[in-house]
Amino acid sequence: MVEIKTPEQIAKMRAAGLVVAEALKACREAVAPGVTTQELNDVADKVITEHGATSNFRAHHGGLWFPGVICASVNNEVVHGIPGERVLQEGDVISIDCGAILDGWHGDAAITVAVGEVRPEVEMLSRVTEGSMWAGIAQMKKNNRLVDVSKAIEGFIRRQPLPPKGKWGITEGYGGHGIGTAMHMEPHVLNYVERGRGKGPKLVPGTVLAIEPMVSLGTPHTTVLEDDWTVVTNDGTWASHWEHSVAVTEQGPLVLTAFDGGRAELAKLGVTAAPDPLA
């Protein structure tokens with residue numbers, strides 16, 4: 001069952017989403033050569049606590065305990081990297097995934113950040129992944145189907161020029177999800193169209209989804225490391241992960257984890273973002 005939210009509940013999710021936005025902003029500003037992933041975790045933890053929220057990452061998930069308030073995935077790590085003593089180096093790229101619970105409602109978002117100067121193809125990778133996320137978000141309109149989001153994400157990626165000596169690998173098996181009174185809810189949101197899967201549920205006002213493409217410079221295939229969390233590319237190519245939590249409203253999509261509600265980026269795609277209920 002897909003959990004449908006009232007406008008009042010979406011407003012509460014917007015408040016949780018803004019906490020996540022603040023935490024990711026602070027992490028982005030803290031990324032630099034010599035910084036450890038644990039230090040970034042501590043930055044996010046402080047922001048979440050100061051806003052009266054709690055982490056939805058530092059918890060048991062499917063019987064496994066995740067110890068951080070962020071996932072810190074570096075270079076060939078796609079998602080679910082555990083923050084720790086790893087020191088960021090000039091030229092690295094890190095995907096930072098963060099969530100928070102406020103008043104019982106969840107927010108979830110992710111960014112990819114370059115550590116100093118990175119190779120041109122790594123810049124391309126992050127830009128393409130983020131662009132595909134916004135293409136998917138633009139389809140979060142009343143009466144569209146879930147497959148329209150997946151199709152938009154995949155279509156955007158497939159249309160991009162290939163990176164030097166590489167290709168675009170859309171990570172298989174991982175994707176977005178419903179979000180609300182829990183962090184991971186139905187439906188699962190693939191970042192590509194899977195034959196035989198059907199069109200999926202209709203997007204009605206009150207539907208809230210986390211849209212999160214994960215793309216590599218090579219293979220779509222991944223492996224989970226012995227820590228039972230960290231997902232890496234099978235061929236060692238680097239990856240990028242971007243995510244926003246988005247509500248379908250009568251007035252259009254509302255990006256709950258973007259400071260402006262998604263207004264600027266959606267306008268570039270000819271889509272009007274819904275009014276911010278907290279403005």
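Analyst: A disulfide is a pair of cysteine sulfur atoms within 2.5 Å. This is a predicted model, where local features need pLDDT of at least 70, side-chain atom pairs count only at pLDDT 80 or more, and totals for chains, interfaces and linings use all residues. Residues are numbered from 1 along each chain as its sequence is written, and side-chain values use heavy atoms, with hydrogens and water left out.

User: How many disulfides does that rule give here?

Analyst: The count is zero. The cysteine sulfur closest to that of C27 is in C98, 6.2 Å away, which is too far for a bond.

User: Are C27 and C98 buried or exposed?

Analyst: Buried means under 20% relative accessible area, exposed over 50%, and partly exposed in between (1.4 Å probe, protein chains only). C27 is buried at 1%, and C98 is buried at 0%.

User: Which residues form the positive surface patch?

Analyst: Patch residues have over 30% relative accessible area and no salt bridge, and like charges are joined within 9 Å. A salt bridge is a side-chain nitrogen of Lys or Arg within 4 Å of a carboxyl oxygen of Asp or Glu. Here the positive patch consists of R145, K151, K199 and K202.

User: Where is K199 in the chain?

Analyst: K199 lies in the loop between strand 9 and strand 10; strands are DSSP runs of E, at least two residues, numbered from the N terminus. K202 is in the loop between strand 9 (185–189) and strand 10 (208–211). K199 is exposed at 60%, while K202 is partly exposed at 39%. The C-alpha atoms of K199 and V147 are separated by 5.0 Å, although these residues are 52 apart along the chain.

How values were computed. Patch = residues over 30% accessible without salt bridge, like charges linked within 9 Å, V, L, I, M, F, W, Y side chains within 5 Å. Areas by Shrake-Rupley, 256 points an atom, 1.4 Å probe, with all protein chains shown as cover. Lys, Arg positive; Asp, Glu negative; His and termini not counted. Charge placed at Lys NZ, Arg CZ, Asp CG, Glu CD. Helix = DSSP H or I, 4+ residues; strand = E, 2+ residues; numbered from the N terminus.
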